[in-house]
Amino acid sequence: MSSQWLSKAFMKKICENPKIKLRSLIKKAHSKWNVDLTMTKAARVKQQALDEINGTYGEQYRRIHDYAAELLRPMIGLDGCFIKTPYGGQLLTAIGWDPNDQILPIAYAVVEAETKDSWRWFLLNLCDDLGVDKIRWWSDNRQSIVTYAGEILPKINKKIEREFDKGGEWLAIYAGRDKYEVSSSQGNRAKFVVDLNLHECSCRKFQLTGYPCEHAMSCIRKMCLDVKNYTENDDVLPPVFRKPIGRPKLRRNKTGDEPRNNGPLSKLARTGQQQKCSYCFALGHNKRTCPRKRKMEAAAKKAKKGAKKGAGTTRTPKPNKIPAKTTTQLATRLQPKRKSSTQVGGSQESQTSSKRARCSSSASQPQPSIATVTSPSRRSLRFMAKTPPRAWKALG
């Protein structure tokens with residue numbers, strides 16, 4: 001399934017909840033069509049549906065001129081805010097308040113940062129366009145402007161006619177691809193380049209005013225074209241996205257005369273505001289000073305300490321460690337005692353008598369015939385170690 005088809009299928013769901021999560025879209029596609037969507041494809045489907053509902057950002061910029069033609073208010077207020085769009089920037093607005101208690105913006109501008117220079121530029125342009133003395137005149141002529149049937153306003157039409165008459169003083173030479181080289185017919189060396197496809201002229205008057213200049217009029221007269229096709233305002237393009245260096249700032253840049261963080265007016269005071277705890281949802285304190293949270297943490301610490309003590313009492317001693325008393329007793333038992341000569345003689349006699357008794361008992365009992373091999377004595381072993389193997393026959 002393509003992302004375009006899925007965006008149309010999810011159009012109603014996203015229109016009801018524009019902040020729907022991507023996980024819910026993935027689950028819905030899996031349960032309904034048995035299709036596994038990735039996070040990137042789900043995000044693409046959601047964005048395409050939002051563009052179809054609200055229009056793309058580029059289309060909204062292109063309709064600025066249409067919106068500006070609908071606004072006229074006697075009271076003006078100023079404000080600025082951040083723009084949370086992929087292009088970023090700051091939005092400076094001039095807001096009007098009519099007698100019906102309706103607030104609508106009169107003019108706005110997109111700038112890179114909210115500084116004194118940007119506000120000065122915005123206010124100067126606003127004063128030049130509106131003017132205090134012009135507001136009353138606009139209100140008087142508003143009804144006549146609304147009921148005007150022509151496509152081009154009368155004052156702009158007079159300016160176009162004036163430029164059209166001046167265009168007869170210039171000679172246009174076709175240079176290919178809707179470009180013309182315009183020179184003076186009165187022997188002046190001035191030359192200009194006109195591009196009717198892009199609505200541009202090297203004198204830059206065509207781009208600034210929005211209607212053809214005298215150089216462009218000479219090209220239009222030569223090619224017998226309609227002037228109305230070149231009096232439309234160009235599409236307003238969004239500003240160039242400028243990604244700042246480092247981590248995004250949470251506060252705007254302050255000027256030199258504004259108070260800093262260490263001043264008394266750096267932040268708004270919270271006096272008179274009632275705090276609400278996000279842990280126990282009680283009023284009068286916050287999460288950091290919550291008594292219920294402190295009790296729970298203290299009980300958890302006690303339980304952890306008790307578990308450690310119980311684990312320490314059940315330990316068994318290592319088998320390598322033997323008490324000193326037992327080691328000394330074993331050492332004394334293993335050491336043999338010296339015997340006297342009388343004891344040695346008596347012990348040898350007792351050993352010989354016990355051997356004889358064993359031999360007599362073994363002789364009296366019938367034993368099976370088993371070939372026994374007698375081992376050599378110590379004397380013969382010593383002799384065998386000192387003499388070569390040839391002399392071992394003497395032992396036989």
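**Group meeting: helices, loops and surface of a predicted model**

I begin with Tyr 57, which is located in helix α5, residues 57-62. Please keep in mind throughout that the structure before you is a predicted model. Tyr 57 has a relative accessibility of 31% and therefore counts as partly exposed, since that class runs between 20% and 50%. Together with Tyr 87 and Phe 241, Tyr 57 forms a nonpolar patch on the surface, and the accessible area of the three comes to about 280 Å².

The protein has 15 helices and seven strands. Of its 396 residues, 18% are buried. The accessible surface amounts to about 32,600 Å², and carbon and sulfur atoms contribute 54% of that. Among contacts with a separation of 6 or more, 40% are between residues 24 or more positions apart.

Helix α4 covers residues 39-54, 16 residues in total, and from first C-alpha to last it reaches 22 Å, close to the 22 Å expected at 1.5 Å a residue. Which residues of α4 are buried? They are Ala 42, Val 45, Lys 46, Ala 49 and Leu 50. These residues cover an arc of only 130° around the axis, so they sit on the same side of α4. On the face turned away from the buried side, α4 carries the exposed residues Thr 40 and Glu 52. After α4 comes Gly 55, with a positive phi near 90°.

Buried in α7 are Ser 118, Trp 119, Phe 122 and Leu 126. Viewed down the axis of α7, the buried residues fall within an arc of 95°, which means that they line one face of the helix. What do these buried residues pack against? Their partners are the strands β1 (76-82), β2 (90-97) and β3 (103-111). The face of α7 turned away from the buried side carries Asp 117, Cys 127 and Asp 128, which are exposed.

Is Glu 163 buried or exposed? Its relative accessibility is 5%, so Glu 163 counts as buried. Beyond its neighbours within four places in sequence, Glu 163 is in contact with Lys 205, Tyr 211, Pro 212, Cys 213, Glu 214 and Met 217.

I close with the loops. Tyr 148 lies in the loop between α8 (132-146) and α9 (154-166). With 34% relative accessibility, Tyr 148 counts as partly exposed. Apart from neighbours within four places in sequence, Tyr 148 is in contact with Leu 153 and Pro 154.

Two further loop residues concern the backbone. Most residues other than glycine have a negative phi. Asp 178, in the loop between β4 (170-176) and β5 (179-184), has a positive phi near 60°. Asp 178 is partly exposed, with a relative accessible area of 36%. Arg 204 also has a positive phi, near 70°, and is placed in the loop between β7 (200-201) and α10 (205-209).

How values were computed. Residues are numbered from 1 along each chain as its sequence is written. This is a predicted model: local features need pLDDT of at least 70, side-chain atom pairs count only at pLDDT 80 or more; totals for chains, interfaces and linings use all residues. Side-chain values use heavy atoms; hydrogens and water are left out. Buried means under 20% relative accessible area, exposed over 50%, partly exposed in between (1.4 Å probe, protein chains only). Helices (H or I, at least four residues) and strands (E, at least two) are DSSP runs, numbered from the N terminus. The arc is that of the directions from the helix axis to the C-beta atoms. Contact means heavy atoms within 4.5 Å. Patches are made of residues with over 30% relative accessible area and no salt bridge: like charges are joined within 9 Å, nonpolar side chains (Val, Leu, Ile, Met, Phe, Trp, Tyr) within 5 Å. Accessible areas come from the Shrake-Rupley method with a 1.4 Å probe; for residues, only the protein chains shown count as cover. A salt bridge is a side-chain nitrogen of Lys or Arg within 4 Å of a carboxyl oxygen of Asp or Glu. The expected span of a helix is 1.5 Å times one less than its number of residues.
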